[in-house]
Amino acid sequence: MAATMMAALAVAGCSQSAETASSTASSSAEASGTQNQEQILIMGAASTRVLNDAISAEFPVEFNNAGSSTLISQLEDGAPGDLLITADRKAMDQAVEKGLVEDPTVFATNELVLVTTNPEITDIDSLVAKANEGAAVVACDPQVPCGRVTEALVGDKNIPFASLEHSVTDTLGKVTSGEADAGFVYSTDAIAAGDKVTTIAIPGAENEKNEYPVAVTKNATHPEQAKKVMDYLTSDKFAEVLEEHGFSPVR
């Protein structure tokens with residue numbers, strides 16, 4: 001699969017299209033009295049974007065959502081950020097090794113699925129057949145967590161990917177926009193897409209779940225407030241939010 005992915009990268013022009021987003025605390029947070037708390041910046045893996053509203057309802061926060069590797073590179077370059085959330089342990093381990101964060105805690109897991117708008121794609125075998133006939137199939141770059149788990153699950157299928165994306169948000173966007181016929185994303189992304197896509201389970205995905213660690217950054221402007229948010233993410237109250245969006249909470 002590595003060779004196939006490199007070829008797809010060439011087609012994609014090796015352009016880094018990691019999508020970032022920023023949002024401020026919602027009015028509901030102000031109504032609950034959180035306007036007196038210090039505002040922090042959460043650097044969250046793209047797939048955690050669906051959790052932003054629930055977090056900002058409890059704390060005054062801003063978000064930078066992008067691929068995990070992009071976020072780590074930004075921190076290395078001196079970008080601000082109080083809390084880092086990555087989409088797997090490997091990415092967070094890299095952040096720890098680089099001295100960017102300390103004492104990470106896993107608070108959720110996620111599972112890879114296949115999404116498609118092509119009714120003739122019903123499983124991995126039919127996906128491979130259609131891809132070889134010209135159907136556009138997209139996945140994440142192996143440098144980011146969603147790409148690593150894709151490689152682990154279907155790397156032996158030699159799928160001719162049309163492109164490799166730098167975030168799961170970009171991968172899903174290619175499918176929902178009609179640019180691609182199918183793509184590998186997380187179950188949480190499939191839920192967020194609703195009836196725009198058909199979701200297909202991947203054999204063995206339950207054994208390759210992504211773990212989501214969170215950690216306060218070494219250069220946090222408001223480390224104490226960041227720790228409060230981190231504690232909230234690992235709480236029983238937030239576990240209900242995680243389940244609502246398709247994550248599995250880790251207690």
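Within strand β10 (residues 210–217), the bridge partner of Glu 102 is Val 216, and this pair belongs to the antiparallel pairing of β4 (101–110) with β10, which extends over seven bridges. Two strands are taken as paired where DSSP finds at least two bridges between them; helices (H or I, at least four residues) and strands (E, at least two) are DSSP runs, numbered from the N terminus. The model is predicted, so that local features require a pLDDT of at least 70 and side-chain atom pairs count only at pLDDT 80 or more, whereas totals for chains, interfaces and linings use all residues. Residues are numbered from 1 along each chain as its sequence is written, and side-chain values use heavy atoms, with hydrogens and water left out.

The protein contains eleven helices and eleven strands. Of its 251 residues, 53% are buried, where buried denotes under 20% relative accessible area, exposed over 50%, and partly exposed the range in between (1.4 Å probe, protein chains only). Among contacts (heavy atoms within 4.5 Å) with a separation of 6 or more, 75% are accounted for by residues 24 or more positions apart. The pLDDT, the predictor's confidence in each residue on a scale from 0 to 100, averages 89 over the protein, and 86% of the residues score at least 70. Over residues 1–32, by contrast, the pLDDT is below 50, although this stretch has 73 contacts in the model beyond near neighbours in sequence.

β10 and β4 are members of an open sheet of six strands, which has the order β2-β1-β3-β10-β4-β11 and mixed pairing. The edges are formed by β2 (61–66) and β11 (248–249), each of which has a single partner strand, so one side of each is left without a neighbour in the sheet. Strands β1 and β3 run parallel and are joined by three bridges, with Gly 44 standing opposite Ile 85 in β3. The pairing of β3 with β10 is antiparallel and likewise involves three bridges; here Leu 84 stands opposite Ala 215 in β10. Strand β10 itself is mostly covered, seven of its eight residues being buried.

Helix α10 (residues 223–233) contributes Gln 225, Ala 226, Val 229, Met 230, Tyr 232 and Leu 233 as buried residues. Viewed down the axis of α10, these residues fall within an arc of 155°, so they line one face of the helix; the arc is that of the directions from the helix axis to the C-beta atoms. Their cover includes β1 (40–45), β3 (83–85), β4 and β10, together with helices α3 (52–56) and α11 (236–244).

Strand β6 (residues 137–140) is covered on both faces, with Val 137 and Ala 139 buried on one side and Val 138 and Cys 140 buried on the other. It pairs in the parallel sense with β8 (residues 182–186) over two bridges, and Val 137 stands opposite Ala 182 in β8. Parallel pairing also links β6 to β7 (residues 163–165), over three bridges, and in this case Cys 140 stands opposite Glu 165 in β7.

Cys 140 also takes part in the one disulfide of the structure, a disulfide being a pair of cysteine sulfur atoms within 2.5 Å; its partner is Cys 146, at an S to S distance of 1.9 Å. The torsion about the S-S bond is about -95°, so the disulfide is left-handed. Both cysteines count as buried, Cys 140 at 0% relative accessibility and Cys 146 at 4%.
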